[in-house]
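Me: Please take me through a structure slowly, feature by feature, giving the general idea before the particular case.

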Amino acid sequence: MVKICCIGAGYVGGPTMAVIALKCPDIEVVVVDISEPRIAGWNSDRLPIYEPGLDDVVRQCRGRNLSFSTEVHRHVSDADIVFVSVNTPTKTCGLGAGKAADLTYWESAARMIADVSVSDKIVVEKSTVPVKTAEAIEKILSHNTHRRSHGVRYQILSNPEFLAEGTAVADLLSPDRVLIGGRTDTPAGLAAVAALRDVYARWVPPDRILTTNLWSAELSKLAANAFLAQRISSVNAISALCEATGADVAEVAHSVGKDARIGPRFLSASVGFGGSCFQKDILNLVYICECYGLPEVASYWREVIRINDYQKGRFVNRVVASMFNTVAGKKVAVLGFAFKKDTGDTRETPAIDVCKGLLGDKAAVSIYDPQVAGEQVARDLAMNKFDWDHPRHLQPIIITGTDVARQVAVAADAYEAAAEAHAVCILTEWDEFRGLDYKRMFDAMHKPAFIFDGRNVVDVAKLREIGFVVYSIGKPL
Ligand code: NAD
Ligand code: UGA
């Protein structure tokens, strides 16, 4: 029986391994993590992450061929294939701070593998890493073998993950592609690629399993995220021009996306993209380009981030300017705090920047999100940029008595958030925000009552009929 161990029980490690366990009942899968609360969550009825369909998959496999454990050393030692799915955040200090990937967690996982291994292993990079990381990992594994692990052979594979949160289970069950990079010029490398291919081949059609060299696989992941984020910054840049000219960004995106060469997906204008990866991976790409002496390429990709920051700032400026240039002391309802719908994840959510902008102008912000707890909101608003991933469960919550504590409230629903408010800002495209009773909200708000729709979920004409002053991204004012 093949044994798989995955180091890192996060948004990627948990769902990915659950689906492998589901589809490969003859493979024993153990997910390990240094975070006890995370592992306790995976072993409970309330999983540590919210992801549609995941409860079902975990329930089917847990106790059969899927388990979650903090006994990292034992399970890594026992495994034939070790996935490494730890966090790879942006460095906050030192060389490359604010851009380069911080590989501290990755390196400590690799050193631990070298310390505890007594049998040959395939080590799989699941985390998103800078191109050429496999070379560094190979060095760590081969130069750091403990006496008792002398002679153990390692094969490193790059198998980046392309799932999106909110649709993780569906993406894993039916991926556009699975990418496996390895030392395809050596027999041992080819055998390792074949072993991993055999795992995925249980449910992924052969033409969707791609094999490349290591560096292509590592770089493809960074490039894919950069291309996706670039599409959003492109449509967001056009949204600003739409507002200036009277064009409607939804109509423009539809017309542009009808071209089969461009395609319709991922062209929704928004308050800006968020999530744990787009920004960090592009910054990482920028840093790599700079290191390889390619400043023009670096600055091309840096613009994608600059436009995203511009879009978030533009949204805050629009709110404040529309409300007679001041929101001081005014209650502003914020609907949605997660970085996208169907997740409780708030990492790099645009809501943090928008709320901080409004708080900076002395607004009183009342936040409602169906999946984000008040404690998380408070933590996010009290934290410095890039600090969220170093590591989350160790961060103290320090908000009592601060401006954030005084100015921020968390509401139980959208109506409570909007009661007595001067404005509503929609920052996440949760389906429930489409079906709200906006007349009821309008009646409970100060007048003029404003709606700023950062996700284009509301029917602008209907809301204007009710009496709202409506601003929607990229729509005629
Ligand atoms: P995460 O923070 O949710 O999970 C990482 C886990 O690794 C944490 O629980 C942490 O405690 C654990 N960990 C760190 N060091 C460890 C060690 N030495 N031993 C054992 N456990 C350790 O992160 P994530 O969102 O799952 O992302 C993981 C990687 O996957 C990142 O490189 C990310 O860029 C990439 N990725 C993420 C997504 C996504 O949707 N979140 C999608 C594709 C790729
Ligand atoms: C993204 C990629 O889609 C995944 O393929 C990749 O594996 C993952 O990053 C990663 O490496 O972490 P994710 O961030 O989970 O997945 O979610 P997306 O659906 O890509 O959305 C990212 C952000 O862009 C969200 O804030 C979303 O609201 C925003 N977005 C998305 C738009 O503003 N407009 C769009 O048209 C699409």
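Reading a predicted model

Reply: With 13 C-beta neighbours inside 10 Å, Pro52 counts as partly exposed, a class that lies between buried (20 or more other C-beta atoms within 10 Å of the residue's own) and exposed (12 or fewer), with C-beta atoms placed from the backbone. This is a predicted model, in which local features need pLDDT of at least 70 and side-chain atom pairs count only at pLDDT 80 or more, while totals for chains, interfaces and linings use all residues. Residues are numbered from 1 along each chain as its sequence is written, and chains are lettered from A and ligands numbered from 1 in the order in which they are written.

Me: Where is Pro52 found, and which residues does Pro52 touch?

Reply: Helices (H or I, at least four residues) and strands (E, at least two) are DSSP runs numbered from the N terminus, and two residues are in contact if their C-beta atoms, placed from the backbone, lie within 7 Å. Pro52 sits in the loop between helix 2 (36–42) and helix 3 (54–61), and, not counting residues up to four places away in sequence, Pro52 touches Gly166, Val169 and Asp342. The C-alpha atoms of Pro52 and Val169 are separated by 7.2 Å, although these residues are 117 residues apart along the chain. Gly53 belongs to the loop between helix 2 and helix 3 and, leaving aside neighbours within four places in sequence, is in contact with Val169 and Ala170. Gly53 is partly exposed, because 16 C-beta neighbours lie inside 10 Å.

Me: What does Val72 contact, and how far is Val72 from Gly189 in space?

Reply: Val72, which is in helix 4 (residues 72–78), is in contact with Ile7, Val32, Ile34 and Met112 when neighbours within four places in sequence are left aside. Val72 and Gly189 are 117 residues apart in sequence and 26 Å apart in space, C-alpha to C-alpha. With 19 other C-beta atoms within 10 Å, Val72 is partly exposed.

Me: Which other residues have a positive phi although they are not glycine, and where is a cis peptide bond?

Reply: Most residues other than glycine have a negative phi, and most peptide bonds are trans. Phe266 has a positive phi of about 65° and is placed in the loop between helix 10 (249–257) and helix 11. Glu348, with a positive phi of about 55°, lies in the loop between strand 9 (331–335) and helix 13. Phe266 is partly exposed, with 16 other C-beta atoms within 10 Å, whereas Glu348 is buried, with 25. The cis peptide bond joins Lys447 and Pro448, with omega about -5°, and Pro448 is in the loop between helix 17 (438–443) and strand 13.

Me: At what angle do helix 5 and helix 6 pack?

Reply: Two packed helices are described by the angle between their axes and the distance between the axes. Axes are lines fitted to C-alpha atoms, for helices over the stretch in contact, and angles run from 0 to 180 degrees between N-to-C directions. Helix 5 (residues 104–116) and helix 6 (residues 133–143) pack at about 35°, with their axes 8 Å apart. The contact is made by Glu107, Ala110, Arg111, Ile113 and Ala114 of helix 5 and by Ile137, Ile140 and Leu141 of helix 6.

Me: Which residues come nearest to ligand 1?

Reply: A residue is near a molecule if its C-beta atom, placed from the backbone, lies within 6 Å of it. Of the 27 residues around ligand 1, Gly8, Gly10, Tyr11, Ser127 and Thr128 come nearest, and helix 5 gives the most to this shell, with three residues.
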